[in-house]
Structures are given as structure tokens and as C-alpha cells.
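Subject: Structure handover

Hello,

I am passing a structure on to you. Please open it beside this email and follow along.

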Amino acid sequence: MQLFTERLSMRQITQADWPLFLELHQEPDVLLYCFDKPKDAFVKHRFEQRLPTWDPNSRHPLCFVVINNETQQVIGVTGFTYDGTTAELGYLFLPKYFAKGYATESLKAVIEWAQKACGIKQFKAVVTRGNAGSENVLSKCGLTLTDTILQAHTIANKLYDDLIYTLNI
């Protein structure tokens, strides 16, 4: 399973992508508005959940590795978890690829593919209040802020609100 945009190629994650997945879960600039640095065993479990081949009946996460077409560099991951009704979107990119439009471009492609190929009509994403970059990505992808969960989680001993963005097609 592969997706393509003007600048990006995406393919389902494989065992060979473990170093990237681990780096994305250890890099302080990636974690800043996501979560505290998790233990390696937890990251490995999350990684292994994403390895089985995915189809629309799957309930494990679908994770695409995002590759820059020009440089062939792996730049991040994007995808969703589908519960049969709603696809919860997520993405992580290496810091040197922030603010270049890659998250928006990849997420738009994932949403379009999920709608057309899988018949998914409802999407949501959860973003930490203060993560303006991700809020912009979600807005550009057609999601709108529909709910706020106050003091939902802690990052670096500070409470943060979760902002819930949704898209119904």
C-alpha cells in the first residue's frame, strides 16, 4: 500500500523503520507538545502494533512512513487508527522538516485515500493546546475544533488541555 503526492511518497511501516520510529519518540522537539519521553519498551510495543498489514477491517493503527521524493529521505510518519466509524489521525515528523508543509500534504493524502479507498467518512485528531503548528495542519486539512478537554494530560509536570478536531465527509 502506497500513497503519492507531488513531494512525498508514503508506504506502510516495516521492521526496517524501527530506528526512525524510536527517534520520533525520543526527539525533544517532537515530544514538546505530545507527551513525555516514553520508555523504549512502550515505543517498541506501539511500533509492533503498526507492523501487520492493514485493511479497512483492521483495528490496529495504520502507519505510513513519509519519504521526500526529491531527496529520498525518510522525514516522518502519518496515519490513523480506525474503530469502524472514526479514523483518529496522527503524525510525527523530524524537527528539520517542521514548517515545510509536509504534515499537511501527507495528512490530506491520507484523508483522501481513507475516504475513497476505505469509505471512511469521519475523522478526528487530538492536539495539545499550544501546539499551533499542528492546529494549523489540521485546519488546512479541513478539520475544525469541536471540543476541548480541560487539563487532559501532563507533559513535563504541566497540565495541558486537549483540543479535539473533527471532519465529517
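Predicted model: local features only at pLDDT ≥ 70, side-chain atom pairs only at ≥ 80, totals over all residues.

Residues are numbered from 1 along each chain as its sequence is written, and side-chain values use heavy atoms, with hydrogens and water left out.

Start with the core. A nonpolar core is a set of buried Ala, Val, Leu, Ile, Met, Phe, Trp, Tyr and Cys residues joined through side-chain atoms within 4.5 Å. Buried means under 20% relative accessible area, exposed means over 50%, and partly exposed lies in between (1.4 Å probe, protein chains only). The largest nonpolar core has 50 residues, of which F80, L89, W113 and L143 touch the most other members. Helix 4 (residues 102-118) gives the most to this core, with nine residues. Helices here are DSSP runs of H or I with at least four residues, strands are runs of E with at least two, and both are numbered from the N terminus. Leaving aside residues up to four places away in sequence, L143 touches L89, I111, F123, K124, A125, L138, Y165, T166 and L167; contact means heavy atoms within 4.5 Å.

Next, helix 4. From first C-alpha to last, its 17 residues reach 23 Å, close to the 24 Å expected at 1.5 Å a residue. The expected span is 1.5 Å times one less than the number of residues. Helix 4 is mostly covered, with 12 of its 17 residues buried; among them are Y102, L107, I111 and W113. Just after the helix, G119 takes a positive phi of about 70°.

Last, the rings. Rings of Phe, Tyr and Trp (its six-membered ring) pair if their centres lie within 6.5 Å; planes under 30 degrees apart count as stacked, over 60 as edge-to-face and the rest as tilted. The structure holds seven aromatic pairs. One of them, F64 with W113, is edge-to-face, at 5.9 Å centre to centre and 90° between the planes. F64 lies in strand 3 (residues 62-68) and W113 in helix 4, so this pair ties together parts that are 49 residues apart in sequence. F64 is buried, with a relative accessible area of 0%, and W113 is buried at 19%. Ring pairs also link W54, F64, F80 and W113 into a cluster.

Regards
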